[in-house]
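The report below takes the fold as a whole and then a few residues in their surroundings. Please look over the sequence and the model before reading on.

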Amino acid sequence: MSVTVVGSLAYDAVKTPFGERERMLGGAATHFALAASFFDEVRVVGPVGGDFSEEDFGVLRTRGTITDDVEVIPDG
């Protein structure tokens with residue numbers, strides 16, 4: 001059995017007293033999928049912009065997350 005998560009996959013800008021990053025992998029569905037992947041197969045559903053990199057899809061896939069239902073919106 002698999003778990004399906006519908007939500008955001010995005011980039012976050014984070015600033016702390018220890019440093020900052022402008023383009024960090026984020027979004028609720030991303031974090032949920034990575035955490036839930038320790039327990040079961042996870043399917044992610046949601047849109048991403050055309051700037052969402054293949055490397056970041058790879059982060060999800062290395063944990064076994066299925067990203068077939070993520071829609072890439074080229075100008076989004």
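A residue is called buried when its relative accessible area is under 20%, exposed when it is over 50%, and partly exposed in between, with a 1.4 Å probe and protein chains only. By that definition valine 42, at 1% relative accessibility, counts as buried. This is a predicted model, in which local features need pLDDT of at least 70, side-chain atom pairs count only at pLDDT 80 or more, and totals for chains, interfaces and linings use all residues. Residues are numbered from 1 along each chain as its sequence is written, and side-chain values use heavy atoms, with hydrogens and water left out.

**Overall fold**

Helices (H or I, at least four residues) and strands (E, at least two) are DSSP runs, numbered from the N terminus. Two helices and five strands make up the secondary structure of the protein, and along the sequence they follow the pattern β-β-β-α-β-α-β. The radius of gyration is 13 Å, close to the 11 Å that the globule rule gives for 76 residues, so the protein is as compact as a globular protein of that length; the radius is taken over C-alpha atoms, and the rule is 2.2 Å times the number of residues to the power 0.38. Along its principal axes the C-alpha trace spans about 40 × 30 × 20 Å.

Of the 76 residues, 32% count as buried. The accessible surface of the protein, from the Shrake-Rupley method with a 1.4 Å probe, comes to about 4900 Å², and 57% of it belongs to carbon and sulfur atoms. Contact means heavy atoms within 4.5 Å, and among the contacts with a separation of 6 or more, 55% are accounted for by residues 24 or more positions apart.

**Strand pairing**

Two strands pair if DSSP finds at least two bridges between them. Strand 1 (residues 2–6) and strand 4 (residues 41–49) run parallel and are joined by five bridges, and here threonine 4 has arginine 43 of strand 4 as its bridge partner. Strand 4 also pairs in the parallel sense with strand 5 (residues 66–73), over six bridges, and in strand 5 the bridge partner of valine 45 is aspartate 69.

**Selected residues**

Which residues does valine 42 contact, leaving aside its neighbours within four places in sequence? Valine 42, which is found in strand 4, is in contact with Val3, Val5, Ala33, Ala36, Ser37, Gly64, Thr65 and Ile66. Threonine 65 is found in the loop between helix 2 (54–62) and strand 5, and it is buried, with a relative accessible area of 4%. Not counting residues up to four places away in sequence, threonine 65 touches Ala33, Ser37, Val42, Val44 and Leu60.

Glutamate 71, by contrast, lies in strand 5 and is exposed, with a relative accessible area of 52%. Its contacts, leaving aside neighbours within four places in sequence, are with Gly46, Pro47 and Val48. Methionine 24, whose place is in strand 3 (residues 19–26), is partly exposed, with a relative accessible area of 26%. Methionine 24 touches Ala10, Tyr11, Asp12 and Val14, not counting residues up to four places away in sequence.

The table sets sequence separation beside C-alpha to C-alpha distance for one pair involving each of these residues.

| Pair | Separation in sequence | C-alpha to C-alpha distance |
|---|---|---|
| Threonine 65 and valine 44 | 21 residues | 7.2 Å |
| Valine 42 and glycine 27 | 15 residues | 15 Å |
| Methionine 24 and glycine 76 | 52 residues | 17 Å |
| Glutamate 71 and leucine 34 | 37 residues | 19 Å |

**Charge**

The protein has 6 positive and 13 negative side chains, and the centres of the two sets lie 6 Å apart. Lys and Arg count as positive and Asp and Glu as negative, while His and the chain ends are not counted; the place of a charge is taken as NZ of Lys, CZ of Arg, CG of Asp or CD of Glu.
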